[in-house]
Amino acid sequence: MYDNRKYAMLDDFSRVCLSYEHRASQLKLSDDKLTVTGWKGFCSVRCTHGIFQGTWYCEATIRHLGPAGHCRLGWCTRKLELQAPVGFDVHGFGYRDVEGSKLHKGRREPYGDSFQQGDVIGFWIHMPVGGEPLEPKFQDWIRFKGKWMQLDEPEVAPRPLIGSMIGFSKNGVFQGVAFKDFSEGTYYPTVSLFTLPEQEAGATVTLNFGPSFCFPPPVVPGVSSPARPMCELAVSPPPPPRPPTAAELLTNVAIMTGATGAVLAAGLDFGL
(Lines give C-alpha, C1' and ligand atoms only; values in the text may rest on other atoms or scores of the structure.)
Protein backbone atom coordinates (compact mmCIF):
# COMPACT_ATOMS: atom_id res chain seq x y z
CA MET A 1 0.00 0.00 0.00
CA TYR A 2 0.85 3.66 -0.25
CA ASP A 3 2.31 5.42 2.74
CA ASN A 4 2.77 9.16 2.76
CA ARG A 5 3.01 10.51 6.29
CA LYS A 6 4.95 13.60 5.31
CA TYR A 7 3.52 15.61 2.44
CA ALA A 8 5.68 17.75 0.17
CA MET A 9 3.91 21.09 -0.24
CA LEU A 10 4.98 21.48 -3.87
CA ASP A 11 3.45 18.16 -4.99
CA ASP A 12 -0.17 17.39 -5.76
CA PHE A 13 -1.07 14.09 -4.11
CA SER A 14 -4.50 13.91 -5.71
CA ARG A 15 -2.79 12.35 -8.75
CA VAL A 16 0.31 10.24 -9.32
CA CYS A 17 2.96 12.10 -11.28
CA LEU A 18 6.62 13.07 -11.20
CA SER A 19 7.65 14.92 -8.07
CA TYR A 20 8.59 18.58 -8.37
CA GLU A 21 9.92 18.46 -4.81
CA HIS A 22 12.00 15.29 -5.20
CA ARG A 23 13.91 15.98 -8.42
CA ALA A 24 17.32 17.32 -9.32
CA SER A 25 16.98 21.05 -9.88
CA GLN A 26 18.32 20.88 -13.46
CA LEU A 27 15.55 18.54 -14.59
CA LYS A 28 12.53 20.12 -16.28
CA LEU A 29 9.02 18.70 -15.86
CA SER A 30 6.13 19.17 -18.27
CA ASP A 31 3.03 21.02 -17.11
CA ASP A 32 1.24 17.73 -16.40
CA LYS A 33 4.33 16.43 -14.55
CA LEU A 34 4.41 13.21 -16.57
CA THR A 35 7.37 14.06 -18.82
CA VAL A 36 10.90 14.92 -17.70
CA THR A 37 13.80 16.34 -19.72
CA GLY A 38 17.42 16.47 -18.57
CA TRP A 39 20.73 17.86 -19.77
CA LYS A 40 24.44 17.55 -18.96
CA GLY A 41 25.21 14.79 -16.53
CA PHE A 42 23.23 12.13 -14.68
CA CYS A 43 20.51 13.26 -12.28
CA SER A 44 17.20 11.84 -11.11
CA VAL A 45 13.54 12.44 -10.33
CA ARG A 46 11.14 10.14 -8.54
CA CYS A 47 7.37 10.08 -8.60
CA THR A 48 5.09 11.52 -5.93
CA HIS A 49 3.77 8.23 -4.57
CA GLY A 50 5.59 5.19 -3.25
CA ILE A 51 4.62 1.72 -2.09
CA PHE A 52 5.72 -0.58 0.71
CA GLN A 53 3.44 -3.55 0.08
CA GLY A 54 1.51 -5.04 -2.81
CA THR A 55 2.24 -5.57 -6.51
CA TRP A 56 2.41 -2.46 -8.71
CA TYR A 57 3.22 -1.40 -12.25
CA CYS A 58 3.82 1.65 -14.43
CA GLU A 59 5.49 2.42 -17.78
CA ALA A 60 8.03 4.83 -19.22
CA THR A 61 8.34 5.76 -22.90
CA ILE A 62 11.80 6.87 -24.04
CA ARG A 63 10.88 9.96 -26.10
CA HIS A 64 14.34 11.24 -26.97
CA LEU A 65 17.94 10.40 -26.12
CA GLY A 66 19.98 11.80 -29.01
CA PRO A 67 23.55 10.81 -29.90
CA ALA A 68 24.92 11.39 -26.38
CA GLY A 69 21.84 10.75 -24.22
CA HIS A 70 21.36 7.91 -21.76
CA CYS A 71 18.65 6.75 -19.39
CA ARG A 72 18.37 4.60 -16.30
CA LEU A 73 15.02 3.59 -14.85
CA GLY A 74 14.17 1.94 -11.57
CA TRP A 75 12.87 2.12 -8.04
CA CYS A 76 14.29 4.09 -5.11
CA THR A 77 13.62 5.08 -1.53
CA ARG A 78 13.29 8.67 -0.37
CA LYS A 79 17.02 8.70 0.46
CA LEU A 80 18.19 8.42 -3.15
CA GLU A 81 20.89 10.92 -4.15
CA LEU A 82 19.13 12.98 -6.84
CA GLN A 83 22.40 14.22 -8.35
CA ALA A 84 23.25 10.67 -9.40
CA PRO A 85 21.58 7.85 -11.37
CA VAL A 86 19.25 5.32 -9.75
CA GLY A 87 21.30 2.29 -8.70
CA PHE A 88 24.27 4.47 -7.78
CA ASP A 89 23.85 3.75 -4.08
CA VAL A 90 22.10 1.39 -1.67
CA HIS A 91 18.84 3.35 -1.94
CA GLY A 92 17.97 2.45 -5.53
CA PHE A 93 17.66 -0.36 -8.08
CA GLY A 94 18.21 0.53 -11.73
CA TYR A 95 17.88 -0.80 -15.29
CA ARG A 96 20.43 0.68 -17.71
CA ASP A 97 19.85 1.50 -21.39
CA VAL A 98 23.40 0.49 -22.33
CA GLU A 99 23.80 -3.30 -22.43
CA GLY A 100 20.55 -3.72 -20.49
CA SER A 101 22.48 -4.21 -17.26
CA LYS A 102 21.03 -3.81 -13.78
CA LEU A 103 22.57 -1.63 -11.08
CA HIS A 104 22.59 -1.51 -7.30
CA LYS A 105 25.23 0.01 -5.02
CA GLY A 106 26.99 1.21 -8.18
CA ARG A 107 27.63 -2.34 -9.39
CA ARG A 108 26.57 -3.38 -12.91
CA GLU A 109 25.44 -6.93 -13.63
CA PRO A 110 24.04 -8.55 -16.78
CA TYR A 111 20.24 -8.52 -16.81
CA GLY A 112 18.14 -7.94 -19.96
CA ASP A 113 17.97 -6.28 -23.34
CA SER A 114 19.34 -2.81 -23.94
CA PHE A 115 16.74 -0.13 -24.72
CA GLN A 116 16.70 3.05 -26.76
CA GLN A 117 14.60 5.93 -28.01
CA GLY A 118 11.04 4.78 -28.81
CA ASP A 119 11.02 1.80 -26.42
CA VAL A 120 8.46 1.37 -23.64
CA ILE A 121 9.88 0.11 -20.35
CA GLY A 122 7.64 -1.38 -17.67
CA PHE A 123 8.41 -0.99 -13.96
CA TRP A 124 7.18 -3.94 -11.86
CA ILE A 125 7.53 -4.40 -8.11
CA HIS A 126 6.21 -6.90 -5.57
CA MET A 127 6.39 -6.22 -1.82
CA PRO A 128 4.92 -8.93 0.45
CA VAL A 129 2.92 -8.06 3.53
CA GLY A 130 5.08 -7.57 6.61
CA GLY A 131 7.42 -4.77 5.63
CA GLU A 132 7.39 -1.33 7.20
CA PRO A 133 7.21 1.89 5.14
CA LEU A 134 10.11 3.53 7.01
CA GLU A 135 8.95 6.97 5.91
CA PRO A 136 9.53 10.10 8.01
CA LYS A 137 6.57 11.02 10.17
CA PHE A 138 5.31 14.34 11.37
CA GLN A 139 7.53 15.19 14.32
CA ASP A 140 6.10 16.06 17.71
CA TRP A 141 6.81 19.45 19.23
CA ILE A 142 7.75 20.08 22.86
CA ARG A 143 8.37 23.26 24.81
CA PHE A 144 11.81 23.25 26.43
CA LYS A 145 13.19 26.20 28.40
CA GLY A 146 10.68 28.53 26.82
CA LYS A 147 11.36 27.43 23.24
CA TRP A 148 9.45 25.10 20.94
CA MET A 149 11.56 22.23 19.61
CA GLN A 150 10.88 19.22 17.38
CA LEU A 151 11.61 15.77 18.75
CA ASP A 152 14.12 13.84 16.69
CA GLU A 153 12.78 10.60 15.28
CA PRO A 154 15.22 7.69 15.73
CA GLU A 155 16.13 6.10 12.41
CA VAL A 156 15.16 2.45 12.10
CA ALA A 157 17.51 0.12 10.21
CA PRO A 158 15.58 -1.64 7.40
CA ARG A 159 15.24 -5.40 7.49
CA PRO A 160 15.43 -7.69 4.45
CA LEU A 161 11.94 -8.35 3.10
CA ILE A 162 11.95 -11.96 1.96
CA GLY A 163 9.92 -12.42 -1.20
CA SER A 164 10.29 -8.85 -2.43
CA MET A 165 11.00 -8.55 -6.18
CA ILE A 166 11.72 -5.92 -8.82
CA GLY A 167 11.60 -6.55 -12.56
CA PHE A 168 11.32 -4.68 -15.83
CA SER A 169 9.77 -5.26 -19.23
CA LYS A 170 10.73 -3.94 -22.66
CA ASN A 171 7.94 -3.42 -25.17
CA GLY A 172 5.80 -5.95 -23.35
CA VAL A 173 8.50 -8.61 -22.92
CA PHE A 174 9.34 -9.26 -19.28
CA GLN A 175 13.11 -9.28 -18.74
CA GLY A 176 12.89 -11.36 -15.57
CA VAL A 177 13.29 -10.62 -11.88
CA ALA A 178 16.24 -8.26 -11.50
CA PHE A 179 16.34 -7.90 -7.70
CA LYS A 180 14.82 -9.89 -4.86
CA ASP A 181 14.77 -10.11 -1.07
CA PHE A 182 15.83 -6.48 -0.73
CA SER A 183 15.16 -4.23 2.25
CA GLU A 184 11.73 -3.14 3.43
CA GLY A 185 10.74 0.47 2.91
CA THR A 186 8.76 2.69 0.58
CA TYR A 187 9.86 2.56 -3.06
CA TYR A 188 9.17 5.09 -5.82
CA PRO A 189 9.46 4.78 -9.64
CA THR A 190 12.53 6.78 -10.67
CA VAL A 191 13.95 8.25 -13.90
CA SER A 192 17.63 9.19 -14.35
CA LEU A 193 18.79 11.09 -17.45
CA PHE A 194 22.16 12.00 -18.96
CA THR A 195 23.56 13.95 -21.92
CA LEU A 196 26.98 15.30 -22.79
CA PRO A 197 27.37 19.11 -22.61
CA GLU A 198 27.67 19.47 -26.40
CA GLN A 199 24.21 17.96 -26.98
CA GLU A 200 21.70 20.81 -27.05
CA ALA A 201 18.52 18.71 -27.03
CA GLY A 202 17.83 17.05 -23.70
CA ALA A 203 16.99 13.43 -23.01
CA THR A 204 13.23 13.04 -22.47
CA VAL A 205 11.10 10.32 -20.88
CA THR A 206 7.31 10.19 -20.33
CA LEU A 207 5.73 8.20 -17.48
CA ASN A 208 2.39 6.41 -17.63
CA PHE A 209 0.89 5.46 -14.27
CA GLY A 210 -2.24 3.87 -15.76
CA PRO A 211 -4.90 2.69 -15.72
CA SER A 212 -4.37 2.05 -19.47
CA PHE A 213 -0.93 0.87 -20.55
CA CYS A 214 0.80 0.24 -23.87
CA PHE A 215 1.50 -3.32 -22.70
CA PRO A 216 -0.14 -5.38 -19.93
CA PRO A 217 1.74 -5.82 -16.65
CA PRO A 218 3.76 -9.05 -16.54
CA VAL A 219 2.54 -12.20 -14.84
CA VAL A 220 5.43 -13.41 -12.72
CA PRO A 221 5.66 -17.03 -11.48
CA GLY A 222 5.26 -17.26 -7.72
CA VAL A 223 3.30 -14.01 -7.42
CA SER A 224 -0.42 -14.65 -7.23
CA SER A 225 -1.61 -11.05 -7.05
CA PRO A 226 -1.93 -9.15 -10.35
CA ALA A 227 -0.06 -5.88 -10.59
CA ARG A 228 -2.13 -2.78 -9.91
CA PRO A 229 -1.59 0.51 -11.79
CA MET A 230 0.28 3.14 -9.80
CA CYS A 231 -2.51 5.64 -10.48
CA GLU A 232 -4.58 3.89 -7.81
CA LEU A 233 -2.27 5.35 -5.18
CA ALA A 234 -3.66 8.85 -5.68
CA VAL A 235 -4.95 10.46 -2.49
CA SER A 236 -8.39 12.04 -2.63
CA PRO A 237 -8.20 15.79 -1.95
CA PRO A 238 -9.72 16.88 1.35
CA PRO A 239 -13.25 18.30 1.19
CA PRO A 240 -13.59 22.10 1.17
CA PRO A 241 -13.77 23.61 4.64
CA ARG A 242 -17.26 23.95 6.08
CA PRO A 243 -18.24 27.55 6.78
CA PRO A 244 -18.69 28.18 10.51
CA THR A 245 -22.17 28.28 11.93
CA ALA A 246 -23.57 31.38 13.57
CA ALA A 247 -23.12 29.81 17.01
CA GLU A 248 -19.46 29.02 16.24
CA LEU A 249 -18.88 32.58 15.07
CA LEU A 250 -20.39 33.93 18.27
CA THR A 251 -18.29 31.60 20.39
CA ASN A 252 -15.08 32.55 18.55
CA VAL A 253 -15.72 36.26 18.86
CA ALA A 254 -16.63 35.83 22.51
CA ILE A 255 -13.37 34.04 23.17
CA MET A 256 -11.41 36.79 21.44
CA THR A 257 -13.18 39.59 23.32
CA GLY A 258 -13.45 37.69 26.57
CA ALA A 259 -17.15 38.36 27.08
CA THR A 260 -20.23 37.17 25.20
CA GLY A 261 -22.25 40.00 26.65
CA ALA A 262 -19.91 42.56 25.15
CA VAL A 263 -20.47 41.08 21.72
CA LEU A 264 -24.23 41.11 22.06
CA ALA A 265 -24.16 44.61 23.48
CA ALA A 266 -22.23 45.77 20.42
CA GLY A 267 -25.31 44.93 18.36
CA LEU A 268 -23.73 42.19 16.22
CA ASP A 269 -26.38 40.06 14.55
CA PHE A 270 -25.42 36.40 14.02
CA GLY A 271 -28.94 35.30 13.17
CA LEU A 272 -29.47 33.57 16.51
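**Entry 1: a buried phenylalanine**

I started with Phe 93. The model is predicted, and in it Phe 93 has a relative accessible area of 4%. I put Phe 93 down as buried, because the cut-off for that word is under 20%.

I then looked up Phe 182. Its relative accessibility is 6%, so I noted Phe 182 as buried.

**Entry 2: aromatic pairs**

How many aromatic pairs does a search of the whole structure find? I got 13.

Next I took Phe 123 and Phe 168. The ring centres are 6.2 Å apart and the planes stand at 65°, so I logged this pair as edge-to-face. Phe 123 belongs to strand β10, residues 120-127, and Phe 168 to strand β13, residues 165-170. This pair ties together parts 45 residues apart in sequence.

**Entry 3: Tyr 111**

I located Tyr 111 in the loop between β9 (107-109) and β10. Its relative accessibility is 16%, so Tyr 111 counts as buried.

What does the side chain of Tyr 111 reach? I found the backbone nitrogen of Phe 168 at 3.0 Å. I also found the backbone oxygen of Gly 176 at 2.5 Å.

I listed contacts next, leaving aside neighbours within four places in sequence. Among the residues in contact with Tyr 111 are Tyr 95, Gly 100, Lys 102, Gln 175 and Val 177. Ala 178 is on that list too. Tyr 111 and Ala 178 are 67 residues apart in sequence, yet their C-alpha atoms are 6.7 Å apart in space.

**Entry 4: charges over rings**

I looked for charged ends over aromatic rings. The charged end of Arg 23 sits over the ring of Tyr 20, at 4.1 Å from its centre. Arg 46 lies over the face of Tyr 188, with 3.7 Å to the ring centre.

**Entry 5: two serines**

I looked up Ser 192 and found it in strand β15. Ser 192 is buried, with a relative accessible area of 0%. Its side chain makes a polar contact of 2.6 Å with the side chain of Ser 44. Not counting residues up to four places away in sequence, Ser 192 touches several residues, including Phe 42, Cys 43, His 70, Arg 72 and Pro 85.

Then I turned to Ser 25. It is in the loop between β1 (18-23) and β2 (28-29). Is Ser 25 buried or exposed? I read 62% relative accessibility, so Ser 25 counts as exposed. The side chains of Ser 25 and Gln 26 are joined by a polar contact of 3.5 Å. From Ser 25 to Gly 38 I count 13 residues in sequence and 9.8 Å in space, C-alpha to C-alpha.

**Entry 6: cysteines**

I searched the whole structure for disulfides and found zero. I checked two cysteines. Cys 43 is buried, at 0% relative accessible area. Cys 231 is partly exposed, at 23%.

**Entry 7: the whole chain**

I ended with totals. The protein chain has two helices and 17 strands. It has 272 residues, and 46% of them count as buried. Its accessible surface comes to about 14,400 Å², with 57% belonging to carbon and sulfur atoms.

I looked up contacts across the sequence last. Among contacts with a separation of 6 or more, 67% are between residues 24 or more positions apart.

Methods
Residues numbered from 1 in each chain as written. Predicted model: local features only at pLDDT ≥ 70, side-chain atom pairs only at ≥ 80, totals over all residues. Heavy atoms only, no water. Helix = DSSP H or I, 4+ residues; strand = E, 2+ residues; numbered from the N terminus. Buried < 20%, exposed > 50% of the residue type's maximum accessible area, 1.4 Å probe, protein only. Polar contact = N/O pair within 3.5 Å; in protein donor to acceptor, adjacent residues only side chain to side chain. Phe/Tyr/Trp six-rings, centres within 6.5 Å; stacked < 30°, edge-to-face > 60°. Lys NZ or Arg CZ within 6 Å of the ring centre and 35° of its normal. Disulfide = S-S within 2.5 Å. Contact = heavy atoms within 4.5 Å. Areas by Shrake-Rupley, 256 points an atom, 1.4 Å probe, with all protein chains shown as cover.
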